[in-house]
Amino acid sequence: AVGPKLFQYVIKVIVQAVQLLYTMLKIDQPSYILLQNPPGLPSIAVAWVACLFWKSKLIIDWHNYGYTIMSLSHGRNHPLVQIAKWYERLFGRLSDYNLCVTNAMKEDLWVNCNIKAVTLYDRPAAYFKETPLELQHQLYMKLAKDYEPFKPRYVAEPGSGNAERSAFTEMEGKNGHVVKPPGRPALLISSTSWTEDEDFSVLLKALEDYEQYVKEGARLPPLVCVITVWKPLKEYYKGLINQLHFKHIQICTPWLEAEDYPLLLGSADLGVCLHKSSSGLDLPMKVVDMFGCCLPVCAIHFECLHELVKHNENGLIFRDSSELAEQLKMLFLGFPTLESKLHSFRRNLRASQQLRWDESWDQTVLPLLG
């Protein structure tokens, strides 16, 4: 941390380039080098040099543009952003093959960068699937040890036996049969990286509106809102959450073990996605995972989102907090007795039988490599 920021950044890039090239030249000779972009500075140029040395083929997997992510904090016209844009387009053309995550990005790469790409949609891994009721109960009981929203909300009635209860499930002591009690809260989950391309105040404002609907007499269930993943803007939003005083909504920000995350997605009633693509050309992986678990989603609108979320078919698309609040009201009205829309979305997700990641790779990439 010496000198101006620009100087520090240039030195960092040079050091990373030397380290990466040294590491790559020490490996056994590869037939292909597969690079995910972003981050592409300096890795695209370094991978290209390594391919020249090894006489290998370079494949770039375009998940987004690095310069558009940089522009979130620096602005589109910042010199660093412009240099990164020039660099990405110049060295991107030197690849032998290109993959991208949407048809919109495929077209943009061709029109603006003269780069020919094949669309390889992100797909969920095989372990993202609906969670059986017994596993749901085990997960809820585990989380209830540390997080209040997962604990049962009512005291067991006399004579009800020694049933084991969470906020969402109960297991009868005699036969171990797990059921979901009729008065359970709805479980809403939203995954975030707490970064600039996700405005979580949209969700918080929608929850305030939801609380108001309940106060006005709407037949809406109590809501447990689970927000997962902790990163840069966590403390800022945690402060906002602490200022809210809900009676019918509990917000929980648990630290989940890796194996528990897909189980929780497969147990939830609704997912909410606030990811706005920096380029408008990539798709949120969190929604891909939610769909793998047959979890309906409400997602905020951006340019190519329709390639993943089909409005009124597997989820809903909203543009602001008011629209999200209306969608929550519509989906949870009469819950859990009336779940017609949520059931319809789940049925459509089950029927779609989407490809898993390895199957998609075999169908799309292997033929490309011959």
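**Salt bridges, a helix face and a run of strands**

In this predicted model, the side chains of Lys142 and Asp260 come together in a salt bridge, with 2.7 Å from N to O. Because Lys142 belongs to helix 6 and Asp260 to helix 9, this pair ties together parts of the chain that lie 118 residues apart in sequence. The two partners can also be described by their accessibility: Asp260 counts as buried, at 6% relative accessibility, whereas Lys142 is partly exposed, with a relative accessible area of 34%.

Lys142 also forms a salt bridge with Glu257, where the closest N and O atoms are 3.4 Å apart. Here too the pair links distant parts of the chain, since Lys142 sits in helix 6 (residues 133–144) while Glu257 sits in the loop between strand 10 (249–252) and helix 9 (260–265), 115 residues away. Glu257 is partly exposed, its relative accessible area being 39%. Taken together, Lys142, Glu257 and Asp260 are linked in a network of salt bridges.

The structure holds six salt bridges, and another one of them joins Glu148 to Lys151, with the closest N and O atoms 3.6 Å apart. In this pair Glu148 counts as exposed, at 52% relative accessibility, and Lys151 counts as partly exposed, at 31%.

We turn next to a helix and its surroundings. Which residues of helix 5 are buried? Within helix 5 (residues 103–113), the buried residues are Met105, Asp108, Leu109 and Cys113. Seen down the axis of helix 5, these buried residues fall within an arc of 100°, so they line one face of the helix. The general rule behind such a pattern is that an α-helix has 3.6 residues a turn, so residues three or four places apart point the same way. On the other side of helix 5, Glu107 and Val111 are exposed. As for what the buried residues of helix 5 meet, they pack against strand 2 (57–62), helix 4 (79–92) and strand 3 (97–100). Just after helix 5, Asn114 takes a positive phi of about 55°.

Which strands pair with strand 12? One of them is strand 11 (residues 270–273), which runs parallel to strand 12 and is joined to it by three bridges; strand 13 (residues 315–318) also pairs with strand 12 in the parallel sense, over four bridges. Cys298 can be followed into both of these pairings, for Cys298 is the bridge partner of Val272 and also stands opposite Leu316 in strand 13. The path of the chain between strand 11 and strand 12 includes helix 10 (residues 285–292), and strand 11, helix 10 and strand 12 make a right-handed β-α-β unit.

Conventions: Residues are numbered from 1 along each chain as its sequence is written. This is a predicted model: local features need pLDDT of at least 70, side-chain atom pairs count only at pLDDT 80 or more; totals for chains, interfaces and linings use all residues. Side-chain values use heavy atoms; hydrogens and water are left out. Two strands pair if DSSP finds at least two bridges between them. Helices (H or I, at least four residues) and strands (E, at least two) are DSSP runs, numbered from the N terminus. A crossover is right-handed if, with the strands pointing away from the viewer, the path from the first strand over the helix to the second runs clockwise. A salt bridge is a side-chain nitrogen of Lys or Arg within 4 Å of a carboxyl oxygen of Asp or Glu. Buried means under 20% relative accessible area, exposed over 50%, partly exposed in between (1.4 Å probe, protein chains only). The arc is that of the directions from the helix axis to the C-beta atoms. Contact means heavy atoms within 4.5 Å.
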